[in-house]
Amino acid sequence: MKVLISVDMEGISGIVHPTEVNPDRYDYERGRALMTAEANSVIAGVLDAEPAAVVWVADAHGPFRNLLPEELDRRAHLVRGKPRPLGMLGGLDERTDAVLLVGYHARAGRGPAVLAHTMNDGILDVRVAGPSMGEIGLNAAMAGHLGVPVVMLSGDDSACVELRDLVPSAVTVEVKQALGQGATVALHPEEARERLRRAAAEAITRRAQVSPLVLAGRLEVEVDLSAPFMVDLATLVPGVSRAEGGRTVTFTAADFAEAYRLVLLLAQLATIKPG
């Protein structure tokens, strides 16, 4: 079997502040070491349950160059760098049997939630066929489009609720309890890693009981952007139009894969500075 582990950073136990997740800040090296250690625990749990599994690990935070390659479990294949197909789910394909989301955070606007956002600070909200979706929902639905279930997620309590609302039978691991955007009560990193290893093994063992999240057919998508010039850029993309209110763009996607790719593009456009 093939398993993809997508690893973000804001939902790692102990991480609570932007200085720990941004490469140009003083505490980043500590943050990436914690991230790599949690990834290794999940790899170990997957292989405890399925010793012959082929494990791919997608570095899914910021520049996609955070996990320490020399410290990662040598039994895993590391997907690293950007831009790449499917972004945070780099390595996903129809042959994948299960996806595990590690170190994930809640969507923009949800709270209390540690370092909550959707893609980047330029995006305020994404709505697909009505409901708001953050990175958890978008990635779960992209995996589901290919028939692959998200069987496990780790992060703070708000992130775990976000996945359970979409995929009730998935395993979730609360490695910290959110007190706010920058405050938490966290498990000790070693305790978090032990729980992650056990949960990953459980999730792989019972993967057949988890259904993929499937959003079928044509989909109406709305994206709220944080600044008017971002809307100006977004409307240069064929099929994307400006909605009333000044901050929102809309488009119709033929399927969820198209919706996902366009949201990724809009997130990149939102990082461009004006002028």
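Let's start at E50. E50 is partly exposed, with 26% relative accessible area. On this scale, buried means under 20%, exposed means over 50%, and partly exposed lies in between, using a 1.4 Å probe and protein chains only. A word on the model: it is predicted, so local features need pLDDT of at least 70, side-chain atom pairs need 80 or more, and totals for chains, interfaces and linings use all residues. Residues are numbered from 1 along each chain as its sequence is written, and side-chain values use heavy atoms, without hydrogens or water.

What does E50 meet? Its side chain forms a salt bridge with R207, at 3.5 Å from N to O. Salt bridge here means a side-chain nitrogen of Lys or Arg within 4 Å of a carboxyl oxygen of Asp or Glu. E50 sits in the loop between α1 and β2, R207 in the loop between α4 and β9, and 157 residues separate them. Helices (H or I, at least four residues) and strands (E, at least two) are DSSP runs, numbered from the N terminus. R207 is also partly exposed, at 24%.

How many salt bridges are there in the whole structure? The search finds 15. Another one joins R197 and D48, with the closest N and O atoms 2.7 Å apart. R197 is in helix α4 and D48 in helix α1, so this pair ties together parts 149 residues apart in sequence. R197 is partly exposed at 39%. D48 is partly exposed at 46%.

Now a buried pair. D224 and R127 form a salt bridge, closest N to O 2.8 Å. D224 lies in strand β9 and R127 in strand β5, so parts 97 residues apart are tied together. D224 is buried at 15%, and R127 is buried at 16%. Both belong to a salt-bridge network that also links D125 and E222.

On to the sheet. It is open, with 4 strands in the order β5-β9-β11-β10, paired antiparallel. Two strands pair if DSSP finds at least two bridges between them. Which strands stand at the edges? β5 and β10 do; each has a single partner strand, so one side of each lacks a neighbour in the sheet. β10 pairs with β11 over 2 bridges. Within that pairing, S241 has T250 as its bridge partner.

Last, the helix on the sheet. Helix α6, residues 256-269, packs there and touches β5, β9 and β11. Contact means heavy atoms within 4.5 Å. The directions of α6 and β11 make about 150 degrees. Axes are lines fitted to C-alpha atoms, for helices over the stretch in contact, and angles run from 0 to 180 degrees between N-to-C directions.
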